[in-house]
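This briefing is meant for a reader who is meeting the structure for the first time. Please keep the sequence and the 3D view at hand while reading the points below.

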Amino acid sequence: RKLAHMGDIHEVILSVYRYLRQRKRIYTVVDALVALEGRNGPTAGSPVHMGLIIMGSDPVAVDAACVRVMGADPQDIPHLRRALREGLSDAAEVKTIGKAIDEVKRDFVFPDLREKRRRGITGKAAGMLFRNYPLMADRGRCTLCMGCVNICPTGSVSLSNGSIAFDYRNCISCLCCCEVCKARALDYRMEHEALYEGIKMIKKLIRGKS
């Protein structure tokens, strides 16, 4: 997991899709009896009772169906968007058996997806300028379990003078530290968020006039 985050995590997931694509007998089964939602990943997520089992012979289509069940668009998930564009799914031939997605759909609370459509040189520049970074949101909750220190792939989280410290020079914004924090002491923010929201508002105004 650490090595995957050091590079392009979406490309790593795509390589799994490609491997599964070559072996037609593999069947994907998702235990969605109880799901999780929230900003900070699996350890600090809030349980959501769905009562579902989602399965199929097309892993990309199964993942896309899960995203739709959670009330989101698969095109907003980078590795799914790239998998569909690469033709790693027989999406046009997929048939849904059982309950329809609209019957079981629920709007989940997602992590921040504002970086979802950054492409090309401009997109990469925006990704560097408006990246999410971890921070200590509630030091009183921190138990110094060292989970965040041990999970960080770049060694950017450390114990300094009896408290958790972040080295943002080497941070790659994978937010694994936030995901592993059971005490919910860590959170994340977008760098230059006010500027981001301002640009977004200007774009809306321009589109409204056009």
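Predicted model: local features only at pLDDT ≥ 70, side-chain atom pairs only at ≥ 80, totals over all residues.

The side chains of R106 and E37 meet in a salt bridge, with N and O 2.9 Å apart. R106 lies in the loop between α5 (101-104) and α6 (120-129), while E37 belongs to strand β1 (residues 28-37), so this pair ties together parts of the chain that are 69 residues apart in sequence.

**Salt bridges**

- Side chains of opposite charge can pair when their charged atoms come close.
- The structure holds eight salt bridges, and the one between R106 and E37 joins two residues whose surroundings can be described separately.
- R106 counts as partly exposed because its relative accessibility is 33%, whereas E37, with a relative accessible area of 15%, is buried.
- A salt bridge is also formed by R82 and E11, whose closest N and O atoms are 3.1 Å apart.
- That pair links distant parts of the chain, since R82 sits in helix α4 (residues 78-86) and E11 in helix α2 (residues 9-21), 71 residues apart.
- E11 has a relative accessibility of 31% and therefore counts as partly exposed.
- E11 and R82 also belong, together with R18 and E86, to a network of linked salt bridges.
- R169 forms a salt bridge with D167, the closest N and O atoms lying 3.0 Å apart, and R169 itself counts as exposed because its relative accessibility is 75%.

**Nonpolar cores**

- The largest nonpolar core has 13 residues, and those with the most contacts inside it are C148, V157, I164, C177, C178 and L186.
- Three elements, α7 (147-151), α8 (176-180) and β6 (186-190), each supply at least two residues of this core.
- When neighbours within four places in sequence are left aside, L186 is in contact with N40, L135, M136, A137, C148, F166, C177, C178 and C181.
- Another core, of 11 residues, lies apart from the largest one, and V48, V62, C66 and V104 are among its members.
- V104 is found in helix α5 and counts as buried because its relative accessibility is 18%.
- Apart from its neighbours within four places in sequence, V104 is in contact with M50, L52, V69 and K99.

**Helix α3 and its cover**

- Nine of the 11 residues of helix α3 (residues 59-69) are buried, so the helix is largely enclosed by the rest of the structure.
- The buried residues of α3 are P59, V60, A61, V62, A64, A65, C66, V67 and V69, and what covers them includes α2, β1, β2, α4 and α5.
- At the start of α3, a side-chain oxygen of D58 comes to within 3.2 Å of the backbone nitrogen of V60.
- Just after α3, the chain passes through G71, which takes a positive phi of about 85 degrees.

**A buried histidine**

- H79 has its place in helix α4, and H79 is buried because its relative accessible area is 15%.
- The side chain of H79 makes a polar contact with the side chain of H10 at 3.5 Å.
- Not counting residues up to four places away in sequence, H79 touches H10, I13, L14 and Y17.

- A nonpolar surface patch of about 580 Å² is made by Y27, V29, L33, V34, I53 and M55.
- The elements that give two or more residues to this patch are β1 and β2 (46-56), and β1 gives the most, with three residues.
- I53 is found in strand β2 and counts as partly exposed because its relative accessibility is 46%.

Note on methods
Residues numbered from 1 in each chain as written. Heavy atoms only, no water. Salt bridge = Lys/Arg side-chain N within 4 Å of Asp/Glu carboxyl O. Helix = DSSP H or I, 4+ residues; strand = E, 2+ residues; numbered from the N terminus. Buried < 20%, exposed > 50% of the residue type's maximum accessible area, 1.4 Å probe, protein only. Patch = residues over 30% accessible without salt bridge, like charges linked within 9 Å, V, L, I, M, F, W, Y side chains within 5 Å. Areas by Shrake-Rupley, 256 points an atom, 1.4 Å probe, with all protein chains shown as cover. Polar contact = N/O pair within 3.5 Å; in protein donor to acceptor, adjacent residues only side chain to side chain. Contact = heavy atoms within 4.5 Å. Core = buried A, V, L, I, M, F, W, Y, C linked by side-chain atoms within 4.5 Å.
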